[in-house]
Structures are given as C-alpha cells and as structure tokens.
Amino acid sequence: MKNKNVVLGFMVAVAIVLQVLESSIPVPLPIPGGKIGLANIVALIVLTKFGGKEAVVVTLLRAILGSLLHGGFITMIYSVTGGLFSTVTAIWLLKRSKYTIIGIGIISALMHNLAQVIVAIILMNNIYIVTYYPVLMLVSLPCGALTGYVSGLVLNKLK
Amino acid sequence: MALRVNKHDIILIVFTVIIAVLFMILFNLYLYKGVATGVEIHYDGKLLESYSFDKLPKEKTLEINTDIGYNIINIYNNKVSVTNSSCNDKVCNGHEISKPNQVIVCLPNKFVIKLVGASEVDSISY
C-alpha cells in the first residue's frame, strides 16, 4: 500500500480516541476493572491488514499517547504491558491457530487482563490481587468476543 | 471472513468459564473464610494504615491522601467500599467487600484495600 504510514497514523488516532472514550464513559459492567477493550479492535484490524510489526507499533503508540492524554504514568505501564501482551498473542494466534477472529479477540482480552494482574501484583507487592483474575476471565469472554466480532465486521468492509 | 464461532472457539469459551468458576469457588471456600474484623490500607506495596472494626463506629468515612492522589473509603456495617478517588478511570468505585482477604485495587493510585479476619490460631490463643 502506497500511503501505508498515513493509514497507520490514522489507525493510531482512532485507537487513542477509542481508549480515551472508553475510560471517560462509565461502562455498565458490574465488576471492578471492567473495560471492553475497544482499542484492541484497531490492533486486530492492523494485524490482519498490515502485519505483526505494524500492529505492535500502533498498539505501543496508542498506549503511550492515550495514557498521556488521559491517565498518567502508572496508567501507561499497565496500558503498554497489557497492549503488548495481547497484541503479541494475537499475532501468534492468527498465524498458527484455528480460532476465528472472535476466539482471537477473547484470548487477547484474557492475556491483556493477565498481564495487568501480574504487573499489579509485582508493582503493589500484593498476591491477593490475583483474586480479581477469575472475574476478569469471565468479563473477557463477552468483551473479547465483541472486539473480535467488530474487527471482523470492519475487515469484511475493507475488502 | 465468516463471523461465526467455530468448534475451537466454543471449546475455549467453555474451558475459560470452567476454570474461572472453579477458582471463584476455591477462593470462596478457602480464602474468604470467616468474618472480617478489620481493614488494611496498602499504598505502593506498603501497609499504610490499619483499622479494627470494633474500634470504629458503625459508619465511617476515611480519606487517604498520598503524593499521587486521594481515595475516599467508606466503612459501613463492616463492609468496605471506595466512594470516590482522584484517578480518571474510577473502576474501583462502588465495589463493596465484606469477607477476609477480599481486596479492592486502585491501579492508578497504587492502592490496595484488604480486609483481614480473625484466623483460627488467634481465636484459640485468646
């Protein structure tokens, strides 16, 4: 694609808007820490359309810039590790697994939450934070399926 | 791209639900045992303050201030929740805990609020 960088820059912008929008609007999830992970939609689209390297760069830029705009340094640590973990997992799954984009969205969400829980346990030196994970696993199912499904919808339109 | 789940996705979903529910049951049976007797407030990996419920009135509001920000903690009837905080996402707000070893985590403010309970050893030695 000729204007690849322009499109990727646009993708970063869309992902930042989704991330900030998501943390500004209270999501009616009945659990603590519950977020849909809308920015992951962009990561999955870039991954499928362009490739793994591009997806990692877009995710990193989105996490860093999005946290600067809305959040702060600590938010950035969680955002970057979660984003990287889930994007790298999605790259691997897209290459060598039989999951659909919905399944990949779910596993991405599971890995995103796992990374953040591990970082929280290390940063706050408190193992009890792990008790959040089973709840987050259940939340990952509808949220991950939704991000995967929406990515699929957009990818079908792009063809 | 067909937007329908396949066999592998279904197995993944069922497996995830089973693992999650199993751990929730295990935590409830073995970790959240007994009655909460007090609350510990941790900041940045260190114990900041701790309160025993029997020394507190039935309803109490605590304001915890640190370099990063503030969290308002409400204690009512031995149940603890965060009612307000200085962070942007406020995901910890409103969630209520009442059993020992349950935690409320506030990632941006580096806060962990944990309930403590009387262990069996303590009740024997008293």
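This short talk walks through the two sheets of chain B, the contact between chain B and chain A, and a few individual residues.

Before I start, please keep in mind that this is a predicted model, in which local features need pLDDT of at least 70 and side-chain atom pairs count only at pLDDT 80 or more, while totals for chains, interfaces and linings use all residues. Residues are numbered from 1 along each chain as its sequence is written, chains are lettered from A and ligands numbered from 1 in the order in which they are written, and side-chain values use heavy atoms, with hydrogens and water left out.

Let me begin with the sheets.

One open sheet in chain B has 4 strands in the order β2-β1-β8-β7, with antiparallel pairing. At its edges stand β2 (46–52) and β7 (103–106) of chain B, each with a single partner strand, so one side of each is left without a neighbour in the sheet. From one strand to the next the twist averages 20°, where axes are lines fitted to C-alpha atoms, for helices over the stretch in contact, and angles run from 0 to 180 degrees between N-to-C directions. Within this sheet, strand β1 (residues 36–43) and strand β8 (residues 111–117) of chain B run antiparallel and are joined by 7 bridges, and Y43(B) stands opposite F111(B) in β8(B).

The other open sheet I want to show in chain B also has 4 strands, ordered β3-β4-β5-β6, and here too the pairing is antiparallel. Its edges are β3 (59–65) and β6 of chain B, and each has a single partner strand, so one side of each is left without a neighbour in the sheet. Strand β4 (residues 70–76) pairs with strand β5 (residues 79–85) of chain B over 6 bridges in the antiparallel sense, with V80(B) in β5(B) as the bridge partner of I75(B). These strands, β4(B) and β5(B), form a hairpin with 2 residues between them, and N77(B) in the turn has a positive phi of about 55°. On to β6 (residues 96–97) of chain B, which pairs with β5(B) in the antiparallel sense over 2 bridges, S81(B) standing opposite E96(B) in β6(B).

Leaving aside residues up to four places away in sequence, E63(B) touches Y70(B), N71(B) and I72(B), contact meaning heavy atoms within 4.5 Å.

Now to the contact between the chains. How many residues does each chain bring to the contact? Chain B gives 37 residues and chain A gives 40 residues. Between them they bury about 3,300 Å², 74% of it on carbon and sulfur atoms, buried area being the accessible area (1.4 Å probe) that two parts lose on being put together, summed over both. In chain B, the residues that lose the most area to chain A are M1(B), L3(B) and L107(B), together 21% of what that side buries. The elements giving two or more residues to this side of chain B are α1 (7–31), β7 and β8, and its largest share, 12 residues, comes from α1(B).

I will close with charge. Between chain B and chain A the count is 0 salt bridges, a salt bridge being a side-chain nitrogen of Lys or Arg within 4 Å of a carboxyl oxygen of Asp or Glu, whereas over all chains the count comes to 2 salt bridges. In chain A, E54(A) forms a salt bridge with K4(A), their closest N and O atoms being 2.6 Å apart. That pair links distant parts of the chain, with E54(A) in helix α3 (residues 52–69) and K4(A) in helix α1 (residues 4–24) of chain A, 50 residues apart.

Conventions: Two strands pair if DSSP finds at least two bridges between them.
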